[in-house]
Amino acid sequence: MFEYVNIEANIGKSTFINKDGSYSTFFEVKGSSSPLGKVELANLVSSLKSSLTGSLKKKGYRIQFVFERNPEQSLIDLKRNNVSIIANLVRLNLESLNSVLESREQALANKVIYEKCYMVLTTLTSSISSKQLKEKQETRNNEIKKYDVGVKPGSYSQSPMGEIKDLSNKHSAFCKAIVKALKGKVLLSVLNCHNAIKEVVNTTSNYKQHDNWRPSLLGDPIRPRLVSDNPNKLDQSSILNMDLGYQIFNTIPKIAEKDSTAIIYKGAYYKPLNLDMPPIDILPFATLFEGISEEIPWRFSMTIETGHDEIKKKISSKKTWATLLGITNSRNKEIKKAAEDFLHLCDNDETLCSVKVAFTTWAKDYETMCSRTDELIEGIQSWGAGNAIEEIGDPIELWLNTIPGISKNYISTGFPLTLGEAFSTAPISRSASPWEEGSTVYRTHDKKKFPQMPLSSKQMSWNDIYYAPPGSGKSFKLATDNLSLILNPENIMLPRIVCLDIGFSSAAFVDYVRACLPEDKKHLAQSFKLEMTKNGNNNINPFDTPLGCRHPLAINRESLINFLSAIFTPAGSENAPLKVGEACGMLIDEMYIHLSDENEPNIYQYGMLESIDKHILEEFGEVPEHLTWWNVVDLLFDKGKYEEASHAQRYAVPNLTDITTVITASKNIISTFGKATIDNGELLLDFIKLMTITALSDYPILSQPSSFDTGAARIVSLDISSVAPKGNASAIKKTSIMYMTAIGVLTKSFFQSAAETLPQIPDKYKNYHKKQIEQEEGVYKKCCLDEFHRTSEVQAVREQILLFFKEGRKYNVSNALLSQNLSDFEERMVDLTDNFYILSKGKTESVVQEIIDNFSPSPDSIELLKKYVTGPDPDEGAAFLYLGDLKNGMRVEQVLYSTLGKVELWAYTTTREDYKLRETLNSKVGLEKTINILTNEFPSGSAKDMLKKYKDSANSEKDLANLYELVSNILINKYYE
């Protein structure tokens, strides 16, 4: 095999010098970030032609594309994606979530097919004249004579001595030109030399992957071998890095005894094929891809060699001979016409290149290989009537031609194509993900894996918009994305995820996460439901501040302005009256000043908090006169009673009931706004007082010190359905107020950083907050706001969302906004969003047009949206159009499928019948056993058929009332009795 492998040694990080003096660089080609239909592909090819014609008209350059599709590697590839995730789950003590990964692997194993594509750029010695080459070689040889070693010190080792600097510079310029031409259109990455050789080795052996193997290259530590490779005593092979041919092939391939056109390598049979006759009709690679059965593994190699003038001369020669012989042979007339057609293209400034194509398929046994070969040939023939034949000369060399970058000679039949035709047939149009790995793995409609990593450094903002009408899989999609954040291998601890919901869908997700947590961490995932009753644990005071802070943080002050603007917006109006916004800012400041230590702080009242009363009596014996709640806060903090101090502070800060008092008492407010009026002539301050009094009546849970507390929970769902009515203008306003109240309490510590927050904290409390903030600063956080359409008519709500969208990234906060109405996403929100998930094409063309107007997807994306985004499918999963913006300016547009495993189908279920059965089982045997029962009995994710069966057989209302008890007992007895 030594003589077959052309690679000599690595020169730099990503370039090889070859044994024939050429230079090569390897790239992984992921494909296109957007769908490439006929129009988009033509645009791409046209762009590449205009960018590269100057470079590729000259001789001496080679581009090799190698594309492989292998269904036998799919599960291995999925497992490889999860390695780092599983390792991090162990560190975080979340091993129970491994069942989700295993379930996903099983669901996706037959839904995705492993594929890889490489591009190898080679600059040949023919790129400079023979005279120049000879001169450069002589100069190089003279230069290395002083080392007394020669160009190759060891016959069986690597040598960098063959380098010619001018050729190296040409190669660098060639690579830069290709990368520049593809940038922004095709996702590709250069492979460093170690990874390039590793990919080569894995390509040679399709049944034995070498994930942990690493080649020995120049610059690596060398372990001398105590063996003489060459009888020549001057040979230094034993103390140098071994020749790459021997590293790549530690086993020698052999020609199969029963078939001289097949080879055997590492126990597998390979059949290389030569595209002997080019397609009559030049069709894009997508046509070839679609024509080959997805059941067989196959590899495609296409080499493009430049040399326009030389190719033109060859065609001209054929034309000349055809003219001479045309009198006696009609076929020669055809040759003449073909040559004239190509020469006519040259007259139209087209660039010609030489193209050679080879294929390979393989199997573990000969019969299967033969069957797969027949299928492959049939697929090739459908590609413009191309003809592939077996290689009877040297099948080993032809097989090696299908491996990226190692061959010197490419023995397939060459045929001339224009540069545009060559690029259109190249495998660069496959859909691609910019992420190497992902804690979520989606797939394309043609079964390509599409990993996605949440909160990625590849994106500028971490804001997500979901358009999801009812029944389009919105709840499952959000739950999947939230679990993806928990599975992110970069997590240093459990991330913080809060879900504001009008319903129970997010609670199902949180309950499942809690079931997966170890016993001592189950409190970290909690679901709550807010009620409009001030007696109990429902009271929320939006004016709460961080421990010890007499004033709100700057970003919290902005949120309070939005909150009061919503309070002061009349029902049925989109905005608060003019000047209200300005008044809110001053009102907030004056409220905290009024209740500060220096002015009229709230006086401590015995009997409000029994635990605090105990500390006061222990400290003073009796309650001191004029003791303020702020005094109590400081006292408890000094004693290290931080939780009690936080509870006491709830009575020290202002709340809605203080507004009317502060307006009356504040000279600043009266002097500034005392004579101001609103549109109807009413005094502004009277209007604010009236709206405040109304709010205190309508929202009793906002008039008391806070009692609602999520504790130490990090994964939280808050259902506000009981306080968010549907209906008239008053109901919309009420929902909006509760929406903003819930947002505030759920994210109260999200927007904090040491640099920006600590300067706003009183000195006494700085160290306490410093520890808390620094612990959480590197932690990912996510705020999910569902049912946005229920509140979007109130401008103050939109302003609050925009504040989160603007500020989130610098605090490691991701925001997810979900709505049933496209019109809810105003232009400012769209401009601040990097991820868009369109889960429905709507029922009319007007919805499609609205999607185009709002998000600007390409025509090809819209065609795929119409064809595939048709709602959740029990077998395929839920399709959606994903639009993602990257930092580098590239936009990702793909129609993807979210295919979940049976564990997630039951973990996230929101269908009322299934959810009720799940909860009934949960109350009896716990959620872990419940999920086990349901996934085994109903792997499709629904028990509707069984429930219907017993419902139809019910004989009385009592039987119907006990339906879920009956079914749950039957299932428990089946699996656990």
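These are my notebook entries on one protein chain, looked up in a predicted model.

**Entry 1: the whole chain**

I began with the overall counts, and I noted 37 helices and 24 strands in the protein chain. The C-alpha trace spans about 115 × 80 × 65 Å along its principal axes, and of the 977 residues in the chain, 55% are buried.

**Entry 2: the open sheet**

I then turned to the sheet and wrote down its strand order, which is E15-E14-E24-E23-E22-E16-E21-E20-E17-E19-E18, an open arrangement of 11 strands with mixed pairing. E15 and E18 (525–529) stand at the edges with a single partner strand each, so one side of each is left without a neighbour in the sheet. From one strand to the next, the twist averages 25°.

I looked up which helices lie against this sheet, and I found that helix H25 (residues 729–746) packs on it, touching strands E17 (496–501), E19 (715–719) and E20 (781–785), with a direction that makes about 165° with that of E17. Helix H31 (residues 859–868) lies across E22 (835–838), E23 and E24, and runs at about 10° to E24.

Next I followed strand E14 (residues 440–444), which is mostly covered, with 5 of its 5 residues buried. Thr440, Tyr442 and Thr444 point one way from the strand, whereas Val441 and Arg443 point the other way, and all are buried.

With strand E15 (residues 449–452), E14 pairs in the antiparallel sense over 4 bridges, and I noted Pro451 in E15 as the bridge partner of Val441. The hairpin of E14 and E15 has 4 residues between the strands, and in this hairpin Lys447 takes a positive phi near 75°.

E14 is also joined to strand E24 (residues 891–898) by 2 bridges, and these two strands run antiparallel; here Thr444 stands opposite Leu896 in E24. Moving on along the sheet, I found 8 bridges between strand E23 (residues 878–885) and E24, again with an antiparallel run, and among the residues involved, Asp885 has Arg891 in E24 as its bridge partner.

**Entry 3: helices H17 and H18**

Last, I looked up a pair of helices, H17 (residues 554–567) and H18 (residues 580–594), which pack at an angle of about 120° with their axes 9 Å apart. That angle makes H17 oblique to H18, and the crossing of the two is right-handed.

I wrote down the residues that meet: Arg557, Leu560, Ile561, Leu564 and Ser565 in H17 against Gly581, Cys584, Gly585, Met586, Leu587, Ile588, Asp589 and Tyr592 in H18. Sorted by class, this contact of H17 with H18 has 8 nonpolar, 3 polar and 2 charged residues.

Notes:
Residues numbered from 1 in each chain as written. Predicted model: local features only at pLDDT ≥ 70, side-chain atom pairs only at ≥ 80, totals over all residues. Heavy atoms only, no water. Axes fitted to C-alpha atoms, helices over the stretch in contact; angles between N-to-C directions. Parallel < 35°, antiparallel > 145°, perpendicular 65-115°, else oblique. Left-handed = near helix turned anticlockwise from the far one by under 90°. Contact = heavy atoms within 4.5 Å. Nonpolar A, V, L, I, M, F, W, Y, C, P; charged D, E, K, R; others polar. Buried < 20%, exposed > 50% of the residue type's maximum accessible area, 1.4 Å probe, protein only. Pairing = 2+ DSSP bridges.
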